[in-house]
Amino acid sequence: MSDQPILSVEHVGVRFGGLVAISDLHFDVRPGEILSLIGPNGAGKTTAFNVVTGFLKPTTGEVRFKGASLAGLPPNRINRLGLARTFQRTSVFPDDTVLDNVLIGLHREDGGASLLDAIFNLPKERAGEAARRAKARELIEWVGLSARAEERAGSLSYGEQRLVGVALALATDPSMLLLDEPVSGMNASETKNFVRLIRSVRDKGVTILLVEHDMPMVMEVSDRIVVLNHGKLIADGTPAEIRADPAVIEAYLGKSAATREAEREAAHA
Amino acid sequence: EETVKIGVNQPLTGPFAASGAYVVNGAKIAADEINAKGGVLGKKIQLVIEDNKSNPTEAAAVAEKLITSDKTPVMMGAWGSSLTLAVMPKLEEYEIPMLVETSSSGKITTSGNPFVFRISPPSALEAEMFAPMVEKLGIKKVDFLVINNDWGRGAAADFGKMLKGKGVEVGLTETMDAAAQDMSAQLAKIKGTDADTIMITAAVDQLTLLFKQMAATGVKKRVVTTGGSQNPDQIVAQAGSAAEKTMHLTTFLPWSPDKTPDPKATEYFLAEWKKRGYPFAGTTESFRGYDGVRTIAAAIEKAGSVEPKAIQKAFWDVELTGLNGPIKFVKSGPEGKESGQSKPGVYLIEISDGQIAEVKL
Amino acid sequence: MDQFLQHLVNAMVLGGAYALLGIGLTLIFGIMNVVNFTHGALYTFGAYAMYLASTALGMNFFLALPFAIVAGLALGALLELTLLRPLRGADIDTTMLVMIGAGIILQSGTLWIFGGVAKAIPSPFPDAPLQFAGVSISWLRLFVLLAAAALIALAYAMINGTRLGRAMRATFQDADTAALMGVNVRLIYTATFALGSSFAAAAGALLGPVYVVFPQMGDLAAVKAFAIVILGGLGSIAGATIGGFVLALAEEFGAGYVSSGYRDAMGFLIIIAVLLMKPTGLFARAERVG
Amino acid sequence: MLEIRDLECGYGPVAALKGISLDVGEGELVALIGANGAGKSTTLRTISGLVKPRAGTIRFRREDIAGADPARILSLGIAHCPEGRRVFPYMSVADNLAMGAYLRKDPIQVREDYDRVYSDFPRLAERRHQSAGTLSGGEQQMLAIGRALMSRPKLVMFDEPSLGLAPTIVEQTLRIIKAIRDGGATVLLVEQNAFAALELCDHAYLIETGRVVKRGLGPELIADPHVREAYLGG
Amino acid sequence: MTRYLPPVVLVVLALLPLGLKDPYLLNALITGGIFTIGAISLNLLLGYTGQLSLGHIAFFGIGAYASALTALGFDVGLFGDVRVIHEGWHPFIGFLVAIVVSGFFGYVVGRLSFRVRGAYFVIVTICFAEVVRLVALNWIELTQGPLALTSIPQMKLGFPGLGELTLRTKVQNYYLMLGVATLAYLVVARLVHSRFGRAMRGLKENEQLAMSVGVNATKTLTVAATFSAAIAGAAGSLYAHYFRIIDPDVFLFAYTVTMVIMVVSGGKGALAGPVIGGLIFGTLPVALRPYMAPEAQWIVYGAVLILILFLMPRGIAPYVDDWFAARRARRAHGAAPAAKPQLEGQR
Ligand SMILES: Nc1ncnc2c1ncn2[C@@H]1O[C@H](COP(=O)(O)OP(=O)(O)OP(=O)(O)O)[C@@H](O)[C@H]1O
Ligand SMILES: Nc1ncnc2c1ncn2[C@@H]1O[C@H](COP(=O)(O)OP(=O)(O)OP(=O)(O)O)[C@@H](O)[C@H]1O
Ligand SMILES: [Mg+2]
Ligand SMILES: [Mg+2]
């Protein structure tokens, strides 16, 4: 882990008309860590993701990724720099099979083939296509959807569609992955599997920024947590620090939840 | 029983459907009349009528069908200039003559297609016939309001040239889309000029609208319409008082059959038209179909055969009196490949107290 | 100056009619998401209904108008029941094509029944125009403007202020969930299409007497209606109204001061320009990402 | 109150439910738990009439409602809060709530219910004129819950109500659900937060690949080793 | 099985003129074929990127004018005293120019108008086509306006000096059309099956998601629009040199509608779709002509359209595909009854 942050959000503010969704948000993500961004509903977490990935222009401030400013870049360019995301709302290409979904994610893996190679179906293109398919199968296997690879993504259940979303984001071979509530709609066991998945992604060197309301999961997986309330940063620390932070308990965790959390943690141990 | 086939290529659906249908009905009267008298060359005439859908691609396809499937040795068509122009390459390809009954584009007879014989006047001809009337009407300055196609644009150019030659000033030339229904902007503009006369080229429906809208915007100037598709009766019926005192250059005078070049023929035609239950207003369009088929029949008779080549040649010798004057083809276009153009009569009529009468100057 | 005022007055009258045309379509296209190629045919139908009522049936002008509107409502309901209901859930392009087919049939049917010759609808207003300050406007057009304004207000109140209007909007945003709220979704589909159709018919019935009535009269009207709806933003009554006036102004002044040959081009250029600057029309709906 | 026997249904050739039977008694809070794709949502959708059953019966207070129209089912008193916060995106928060009360004809009580929803979820009150589609995920979920309550149902079915809600709001929501049951209404709850659901419910069904594989009281299922392994994370 | 269908159809179409001597039918096939090429190009946009271009005839018409003017020559004054004078060139150069010019316009329209999507894109394309038509109508010096460009030379193939072939006969023009159509089909096929095609599909189904996985929306859509317009321009060039006369009526909205009908009824987003639709709606008018009144022909035309979509809402090609798939599945089951049970789950 170097000290140079991979992503820095610098004094970002976002307004929608009169509504201030984020004000002066400021934090860094270090390479290789799993950082969680938590906060009450409507605190501005998804909005922050949208700013980082280029879907929203911030009213003030800017975001830097690997030292370079992302200001003005469209989402696809930002993705190319190695920043991938999933969406809070279930997001798949509904009319394509799961395999094709992932292949769309892999569309940039050109294997050196150009548009002309593609049109004339030259060897380079064919080799590239074979490589893409192999990689897609691998990713699907990894998220555990092999049995459904040939099914229409739109016909999968809610939770399964979320896994497709993750596979898609991973297909772009990111160096940093932004996950917006990835385990909502999964039960505790499925969540456990997912945590394993995230860890293995991180072990491949991918930095992870996570938004999630499932506190046991967040506490378990995060290296560090930042807390947002009303568009402002109110805390920053390790899971243990955050769990004990009165401001966070007040604004977000709730007293009973915090105690229950502690109990369960104790039971697990 | 063997028949002589004549191909009829007209718009029966699409924007020009109304006019095309009238022309076809006129053609049918002529065919029936001729057949009742024993046909041509001892055989009955058979009209093979096809719809070109007011669409040039279809007009060409229809010509192809008439020539190759139906084997018609001669055709009549295709109403609009776009449609006729689209057919013309086919005439050269298969060497089949065609009588053009309505189109007015100059190009039709000047592009060197020797299979074209036209009985309708191109606007240059119409302008030439109108020239003597200009002074008598006391026209000093003219604005043009024309439909934005070859017909309207051609008229504005040819009449403008003629008027300038006579020392008359030409002001605005405003155009309107063929499908336009609201011309108030053009009229507001024309209203503000010092021209004393507006010359309008458009089909009857647009003229009706124009007169109503002129009344509504308070445009009060002398109006002369050109182009021969005015259908004054329909205008009187639909525009009412808004059409009062408007003048129209027309090629046929069904309101006073006795003043037409061949009163007996006119009366026969009008009676037959009425008997078949068609509206009187359609006669100014349909007479061309009637004359067209009669002209073709005359050419076949002269040719003495139904060979396209012979008919083409015979067209040059045709001489008959049409409902609007003598039909006789003179050469037009590049030498060696001339098309035939007949010079019909052109009359100026005026609507006054809801009546239509020829203007005596 | 006179000329300028005259152009302005013309544009207002024309804009009222355009707005009416746009509102009918914004219901069907903007709210229902059906690319309605029968809109022109329904406009034509309204005009012919008006013509029949005031000539063959001998109705009074002011009676014939509601008759034509109701006839449009009925035809709209019939089209929805026979053509759209069986295809619910089908792709937007599929329903568009079915509507193209229906439009072809309606137009050819009209041509077959009435012939291609244009008809005129008698109007009870005096021919002489109303004159003031060097500007003239015909009584009939004034009536059309007022009637259009009344219908626009009615539509606005209905969509934005009533339970029915709310159910309509809900249904086309999410039919399943609307059904869960107790909305009779099938009825809403039929009602919306019928209502949109009746507005098209109303536009035809009002403009029929101003212009003339013929089978292809709806072609250009339909294209303009689409342009108006888009200009104003999909599904917005206020947008369609303003879009109608903007288009009328562009055409009127384009023809008056630039070139009449490019009259229609002015309108289209304005639309292109507006959409390039504001890609979701003048009245965009709020959207978000993620 | 609700009695389902051998319910089967599917999407196209895919069979989603392969014979589900369950009972919900008057005033009970019943939970359905199961893995992703097990068919929980489909069960609710079939009850509320969005999906037509292929076989089996659904009786609500003795009346057969299998295959009936959603509007009719709602009018009998069954409300369904669908999964994935299906709010009407281009309508305001207030209009969305009004849609929840679409069939009601008692304006005064409706007004009271608005106020109750707003006091349950103050965030919604702040945003009553915002387009629902621009709300944050959790705000939309609150709206969906509030909207389901606007019809004053006799039986209300929640499909993953805690989805995307912050912990405090989850608790608030669970409290509301309990209050509904305590107020005499019946609740059928689908929850991924199986632990919370099982703690809350009177009894629960475990659904796997379109079949009911277990039925029991909440604590029984919490103690069940299979349930612990598969749904509670061991 | 479906893999062998296109070559079989091609062979049948190639042999057709040998058995078919009627020039009228041949003419109908050529015209229908030219519009089918237009439909193939439209399918690239509508079927694969989901963007409906209702102004597609603009590219066709631009191609027709570009090709005709290149072959005929022109002399126009621009601003001031600047005049552009061009002597007529070989018609085949016209064909290439048409492709380039139309492609260029496709590029520009794509660049500008893909800021707007869906319904808004539809209107921008309609407006574009209308504006182009009005320019063709009013820029008389260049286009002769409504007076039409006449005497457009017939298409010539080959190189000067190496022997040339002027396509005079219908059969020759038929093969030219068929050749261009096959090429267009192949280009579109390769394009949509490549990773670019995947990017297009992604944009069509969920644009935000596609962008988040790195799809460059503007570029992808512009590539599609450029290719689509270029192919339409090629079709327009064929039209100009076959009909040998064009006027602003080539921009008729009805022609765009014809192409849309061909694409959607045949099955948009299926390669064979526009070909099937083109065969049906290219020949239907010819088939109906002898049997009924013109208005009735239109009514039947509309009714056939509705009927096809009632029976097959996704268009014909997907149903043919399904049918073959089902048959294959049945055969597989018949041969090995225990074969993969999850096949049942496929649609
Ligand atoms: N396009 C928009 N227009 C208006 N308000 C918006 C828009 N997008 C977001 N908001 C508001 O901004 C605030 C922040 O929203 P955001 O989606 O970032 O919240 P969040 O932290 O992700 O919440 P949740 O945990 O519920 O997903 C919310 O109150 C939301 O209503
Ligand atoms: N619209 C649809 N089309 C086709 N198949 C569907 C559709 N919706 C659901 N299915 C299938 O039906 C099965 C049951 O799905 P359902 O949504 O009921 O699961 P669930 O138990 O609610 O799962 P989750 O916890 O992920 O929401 C799944 O296999 C799913 O793939
Ligand atoms: Mg969020
Ligand atoms: Mg579910």
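Leaving aside its neighbours within four places in sequence, with which residues is C:D174 in contact? In this predicted model, C:D174 is in contact with D:R86 and D:F88, where contact means heavy atoms within 4.5 Å. C:D174 is found in the loop between α6 (163–173) and α7 (175–180) of chain C; helices here (H or I, at least four residues) and strands (E, at least two) are DSSP runs, numbered from the N terminus. With a relative accessibility of 10%, C:D174 counts as buried. Buried means under 20% relative accessible area, exposed over 50%, and partly exposed in between, with a 1.4 Å probe and protein chains only.

Residues are numbered from 1 along each chain as its sequence is written, while chains are lettered from A and ligands numbered from 1 in the order in which they are written. Local features need pLDDT of at least 70, side-chain atom pairs count only at pLDDT 80 or more, and totals for chains, interfaces and linings use all residues, while side-chain values use heavy atoms, with hydrogens and water left out.

The chains are considered next. There are 8 pairs of chains in contact, and of these chains C and E share the most contacts. Chain A and chain B are joined by no contact, and their closest C-alpha atoms lie 33 Å apart. Chain B and chain D are likewise joined by no contact, their closest C-alpha atoms lying 37 Å apart.

A helix of chain A packs against a helix of chain E. Helix α3 (residues 98–105) of chain A and helix α8 (residues 195–205) of chain E pack at an angle of about 110 degrees, and their axes are 9 Å apart. Axes are lines fitted to C-alpha atoms, for helices over the stretch in contact, and angles run from 0 to 180 degrees between N-to-C directions. The angle makes α3(A) roughly perpendicular to α8(E); angles under 35 degrees count as roughly parallel, over 145 as roughly antiparallel, 65 to 115 as roughly perpendicular and the rest as oblique. On the side of α3(A), A:D100, A:L103 and A:I104 meet E:R198, E:R201 and E:G202 of α8(E). The residues of this contact divide into 2 nonpolar, 1 polar and 3 charged. In this division Ala, Val, Leu, Ile, Met, Phe, Trp, Tyr, Cys and Pro count as nonpolar, Asp, Glu, Lys and Arg as charged, and the others, Gly among them, as polar.

Helix α3(A) is mostly covered, with 8 of its 8 residues buried. The cover of these buried residues includes α5 (123–143) and α6 of chain A together with α8 of chain E. Helix α7 (residues 184–191) of chain B is also mostly covered, 7 of its 8 residues being buried. Among the buried residues of α7(B) are B:L187 and B:K189.

Aromatic rings were examined as pairs. Rings of Phe, Tyr and Trp (its six-membered ring) pair if their centres lie within 6.5 Å; planes under 30 degrees apart count as stacked, over 60 as edge-to-face and the rest as tilted. By this rule the count comes to 43 aromatic pairs over all chains. The ring centres of D:Y114 and D:Y118 are 6.3 Å apart and the planes lie at 25 degrees, so this pair is stacked. Both residues lie in helix α4 (residues 107–120) of chain D, 4 residues apart, about one turn of the helix. D:Y114 and D:Y118 are both buried. In chain B, one aromatic cluster is formed by B:Y22, B:F252, B:F269, B:W273, B:Y278, B:F287 and B:Y290.

Charged groups also lie over rings. A charge sits over a ring if NZ of Lys or CZ of Arg is within 6 Å of the ring centre and within 35 degrees of the ring normal. The ring of D:F88 has the charged end of D:R147 over it, 5.1 Å from its centre. In chain E, E:R314 lies over the face of E:Y319, at 5.0 Å from the ring centre.

The peptide bond from B:G77 to B:A78 is cis, with omega near -10 degrees, and B:A78 lies in the loop between β3 (74–77) and α3 (81–94) of chain B. A:D173, a residue other than glycine, has a positive phi near 55 degrees. The loop between α6 (158–171) and β7 (176–180) of chain A holds A:D173, which at 51% relative accessibility counts as exposed. For B:K245, phi is near 70 degrees, again a positive value in a residue other than glycine. B:K245 is found in the loop between α9 (232–239) and β10 (247–250) of chain B and, at 49% relative accessibility, counts as partly exposed.
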